[in-house]
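Have a look at the model first, then read on.

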Amino acid sequence: MAKSKYEYTRKFETNDSCLLNCFIVVRLDGRNFHRFSDSHEFEKPNDANALNLMNRCALEVMKEFQDLILAYGQSDEYSFVFKRSTTLFKRRASKLMTNLVSYFASSYVFYWSEYFKDKNLKYPPTFDGRVILYPSDANLKDYLSWRQADCHINNLYNTCFWNLVKIGGLSPDDAEKRLCGTVSADKNEILFSEFNINYNNLPEMFRKGSVLLWEKVEKPISKGDSMLKDGTLTTRVYPQVVTLHIDIIKEEFWETHPMLLES
C-alpha cells in the first residue's frame, strides 16, 4: 500500500482476530426466507430442490475454503466449522464471515437454474452471518447437536402443520391452535392416525439435515496418468467433499470420524 498522510485512518480498524486453538464456526441464515420461499412457491413443508441447492452452495464453499472440516445445514441455515489451527485471513472474524457468506450467496444465485429449471429467480436472496468460537470438543459437539435437534423439532412441527392445512383443511390459525401445547409423541400420533404418515419413514434429509465433510474416495486413474505404468494400478485416493444425512448427536458419528477433532 502506498504511503500517504491518510494512512493513519487504518488505526481505527478493530482487531477482531479469533482466539487461538478454538474451533471457528461461521453460521449463516437466510434473511426473510419465509417471504423468499413464498415468492418462489417452495413446496411445504420441505422443498427438496431448495434444500439440495443449499447443499450445493455449501459444497462449493467447502471446496473454496479447504480449512473447513465440516458443515451442517438445515432449512435456510448452514454452519461451517474451521479446523482449530486455521490461519486463514489471519483468523479475522470479519474476513472469515464476509467471505463465506458472500461466496454462499453468490453460489445460490449461480446454481439456481440447475435446481429450479422452470422458475426464474425473482430477486436476489440475502444471508446474514455470525462467528462463534468453541474452545473444546464437547462445546463443538453440543453446538452441532443443538442444530440437529432444532432441525428435528422444527421439521416435525412443520410436517404436522402443513398436513393439517393442505390435507386436513384447517386454516393456518386453526392448525397452530391444534398443535399448541403438543409434544413430539402427540405430533407423531396426529401424522400416523390422521394422515397415515410414519414420521420415521420421511427422507432423512428432512429429518436430520445435511452433513458435509472431507473423505478419501477412490477414483479410477485415466490411461494417460503418469502413475499408471505397468497396468496394475487402476485407482487413486482423492480427498472429496461428501454429503451425508446422518445422526451427529450420537457419539458413533465422532468415533467414525475421529480426524474432525484433531488439532
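Arginine 56 lies over the face of tyrosine 111, 3.9 Å from the ring centre. A charge counts as sitting over a ring if NZ of Lys or CZ of Arg is within 6 Å of the ring centre and within 35 degrees of the ring normal. Another case is arginine 147, whose charged end sits over the ring of tryptophan 146 at 4.2 Å from its centre.

A word on provenance: this is a predicted model, where local features need pLDDT of at least 70 and side-chain atom pairs count only at pLDDT 80 or more, while totals for chains, interfaces and linings use all residues. Residues are numbered from 1 along each chain as its sequence is written, and side-chain values use heavy atoms, with hydrogens and water left out.

Now for strand β3 (residues 77-82): six of its six residues are buried, so the strand is largely enclosed by the rest of the structure. Buried means under 20% relative accessible area, exposed over 50% and partly exposed in between (1.4 Å probe, protein chains only). Helices (H or I, at least four residues) and strands (E, at least two) are DSSP runs, numbered from the N terminus. Glu77, Ser79 and Val81 point one way from β3, and Tyr78, Phe80 and Phe82 point the other way.

Which strands pair with β3? Strand β1 (residues 23-30) does, antiparallel over six bridges, and strand β2 (residues 68-74) is also joined to β3 by six bridges, again antiparallel. Pairing here takes at least two DSSP bridges between the strands. Valine 25 has valine 81 as its bridge partner in β3, and glycine 73 has tyrosine 78. The β2 and β3 hairpin has two residues between the strands, and serine 75 takes a positive phi near 55 degrees there.

Back to rings: the structure holds 24 aromatic pairs. Rings of Phe, Tyr and Trp (its six-membered ring) pair if their centres lie within 6.5 Å; planes under 30 degrees apart are stacked, over 60 edge-to-face and the rest tilted.

| Pair | Centre to centre | Plane angle | Class |
|---|---|---|---|
| Tyrosine 78 and phenylalanine 80 | 5.6 Å | 25 degrees | stacked |
| Tyrosine 78 and phenylalanine 104 | 6.2 Å | 45 degrees | tilted |

Tyrosine 78 lies in β3 and phenylalanine 104 in helix α3 (residues 93-115), so their pair ties together parts 26 residues apart in sequence. Both tyrosine 78 and phenylalanine 104 are buried. Ring pairs link these residues into a cluster, with Phe33, Trp112 and Phe127 also among its members.
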